[in-house]
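User: I am new to reading protein models, and I would like to learn how to look at one feature at a time. Could you take me through this one?

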Amino acid sequence: MSITREDRREFTLPAVTIGLLIGCLLCFTNLYFGLQTGWISMYDVTAICPHWYLVSKLLPTPLSPQEIIVVQTTAVATGTMPLAAGFVGILPALGLLDAEKDGTPPIHLSWLAAVGWSCSIAFFGVFLSPPLRKQVIIEEQLAFPSGTATAQLISVLHQLPPPDTSLRRRSGYRALDTEDAANHTVFSDEVDTVAQEDTDEPEVHDEREVVQQEGWMDLMYSFLASGVMTLAAYFFPIVFSVPLFGKHLAREWLWSFTPSLSYVGQGIIMGFPTSLSINLGMLVGWGILSPLAKYSGWAPGPVGDMSSGARGWILWVSLAIMCADSFVSLLPVVQSYVVALVSSYWAPKLGDATREEEDHEVETPDRLVPGWWVVYGLVASITVGTLLVWIVFGDDGIKPWATLIGFAAGGLLSVLGVRALGETDLNPVSGLGKISQLLFAWIQPGNIVANIIAGGVAEAGAQQAGDLMQDLKTGHLIHASPRAQFYGQLIGSSLSIIVSTTAYTLYERAYAIPGPYFPAPTAYVWLSLARLLRDGELPQNSSAFMLLFALLFAAVAGIKVIAIQRGHPYARWIPSGVAFAIGFLNTPSFSLARLVGGLIEYWYHRRVAKTGGADIRLIVIASGFVLGEGVISIVALILRTWGVGVISCWGCSGGICPGCSA
């Protein structure tokens, strides 16, 4: 692979270095939050963009917009590996296996084995990206709202002409229509015609001034505030376990409040509609269904027990909601894809054979990823990946032919996931993962390990391809070299193998995973579905509620899809099924903190923010909150590894704080 002279102006050492540093930070942060709540918020695509701009201003020669794209691409490729490689779901699920119940003892991978597993899936999505870019970005010109929003922000900060896009940006409330992604924010108001450019110029100027003059102070203060609070919570656990509703509810029903600024920041970034959906789910799951299951004798164990308690019982209802919502949301994507395939097949037979297909590619061949790189890369990644999975898990874990089918399924699911992401800003990987588990329940019945691993292989491709496609959309609008982005993706994914594995190993040595500090709820989703597909057994009376909520949210998702397609302004307020289900999976403490952030975001945009600069300022502060706890969590990990523990359990009274031994 030779780097052209044009690529060198974009693929530079400062850009790659900054991208890797930010990506490593995001890697630890995403692993930390993913193990806590099972939901990694991809705020790093758009919300961290002002930070890259601020960092570049410290260099002797500030980074160009195209170098910023390389920073973003490298950072995202590095930071998303904890989810793509299953460190927040697949590996903890394997550690929960029971020899009597599952026929297999718990599987805990060594550091070297975890590296091998990560290598097996690290590059499949990267090599899928170039052909998918050609189809969904160049030919079909799908929207990819968050990637477009990032391009708009970069154009503002670097005083570039607005990117050439047909996306309309709304005025007023600025959250995306599809909050299902729960993690994106649009920064700009609606720009209708070229005639408005003169009136928009003061706002554009204000945005740059706000970020340049106040951005660093906002970021520093928010980072420090979150970091100090996180460190205080490490030494005094009650800080993050406030018994807001009384000690009895906190101890027996897990109703407490975590005033974590990082989760407040996540609520700001995801927006009020999504945080509201999460809290509606929390009220139904933890306020209605949990007591109902407990007092009816359907879940007689302690409420927090995932096997016999109400938390494990409502998990099944959340699983039904996620599957129904993802399935209905994918239907329009599947329909449009089938229609496109049929049209392309019949077009030549209808007299269009002589018409040459128009190529909409705007980049020259020396800036694109050659086709033979893609072919050889896919063959090598699948071959090596299959071999590594076999070495790590053996024949008893999964057969090589089943792993090959997993990669094939991953390729097909990636197409659906990327199209859904491009049209709705939602990458329905949770639903796609369940589809792959259903497939492998038929291919290798009765093998729970194979079901989880093959499902993880298939989901990894869809996850990676979707995350990287947003970056490629941004690069397309800013005229960055796809080849330079491809280099950044490869380097970021390579480094992330070591960083993610090391981070997970350190956390596993210092904490019980799953455990009080890191419950890893996604692990229970994977394992519970695998057991259901093998045994067909559900907790007592859960099937009726699963069916009821699945039908309800299938209807809600259908209404939401239609409302979005027709551009109804109320579409954003229709509850998101995935977000609603997250309210079941997470304890109320995390959901309440996100609601606080959502309320702040709603109030700020309605009463305070009058310019785009103020909007960017809020996002800088929110992401500073998130990064502050993420960074200090590394400090807490080191302290715990060295044996430095809690200073005082004052206020706990036994059983309120995570890991309390009182």
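Analyst: What follows goes from the whole chain to its cores, its salt bridges, its surface and its cysteines. This is a predicted model, in which local features need pLDDT of at least 70 and side-chain atom pairs count only at pLDDT 80 or more, while totals for chains, interfaces and linings use all residues. Residues are numbered from 1 along each chain as its sequence is written, and side-chain values use heavy atoms, with hydrogens and water left out.

User: What share of the residues in the protein chain is buried?

Analyst: A residue is called buried under 20% relative accessible area, exposed over 50%, and partly exposed in between, with a 1.4 Å probe and protein chains only. Of the 662 residues in the protein chain, 61% are buried. Helix α8 (residues 111–121) is a mostly covered case, since eight of its eleven residues are buried, including Trp117, Ser118 and Ile121.

User: How should I read contacts, and which residues does a buried one such as Gln485 touch?

Analyst: Contact means heavy atoms within 4.5 Å. Gln485 lies in helix α20 (residues 482–510) and has a relative accessible area of 1%; not counting residues up to four places away in sequence, Gln485 touches Ile69, Thr73, Asp471, Leu472, Gly475 and Ala480. For the protein chain, among contacts between residues at least 6 apart in sequence, 82% join residues at least 24 apart.

User: Which residues have the most contacts inside the largest nonpolar core?

Analyst: A nonpolar core is a set of buried Ala, Val, Leu, Ile, Met, Phe, Trp, Tyr and Cys residues joined through side-chain atoms within 4.5 Å. The largest one here has 154 residues, and those with the most contacts inside it are Trp117, Leu289, Trp313, Tyr507 and Phe549. Helix α19 (residues 448–478) gives the most to this core, with 14 residues. Apart from this core lies another, of eight residues, among them Leu413, Leu416, Ala420 and Leu432. To follow one member of the largest core, take Phe549, which, leaving aside neighbours within four places in sequence, is in contact with Val284, Leu289, Val317, Ile321 and Phe580.

User: How many salt bridges does a search of the whole structure find?

Analyst: A salt bridge is a side-chain nitrogen of Lys or Arg within 4 Å of a carboxyl oxygen of Asp or Glu, and the search finds four. One of them joins Arg531 and Asp102, whose closest N and O atoms are 2.8 Å apart. Arg531 lies in helix α21 (residues 521–535) and Asp102 in helix α7 (residues 99–102), so the pair ties together parts that are 429 residues apart in sequence. Arg531 counts as buried at 19% relative accessibility, and Asp102 does so at 7%. Asp102 also meets Arg534 in a salt bridge (4.0 Å, N to O), although Arg534 is partly exposed, with a relative accessible area of 25%. Elsewhere, Arg367 forms a salt bridge with Glu363 at 2.6 Å between the closest N and O atoms, and salt bridges that share partners join Glu10, Glu363 and Arg367 into one network.

User: Which residues form a nonpolar patch on the surface?

Analyst: Patches are made of residues with over 30% relative accessible area and no salt bridge, where like charges are joined within 9 Å and nonpolar side chains (Val, Leu, Ile, Met, Phe, Trp, Tyr) within 5 Å. Here Leu276, Leu280, Leu283, Tyr570 and Trp573 form such a patch, with about 430 Å² of accessible area together, an area that comes from the Shrake-Rupley method with a 1.4 Å probe, for which only the protein chains shown count as cover for residues. Leu280, placed in helix α14 (residues 272–295), is partly exposed, with a relative accessible area of 36%.

User: How many disulfides are there?

Analyst: A disulfide is a pair of cysteine sulfur atoms within 2.5 Å, and by this rule the count is zero. The sulfur of Cys24, for example, is 6.8 Å from the closest cysteine sulfur, in Cys27, which is too far for a bond.

Definitions and conventions: Helix = DSSP H or I, 4+ residues; strand = E, 2+ residues; numbered from the N terminus.
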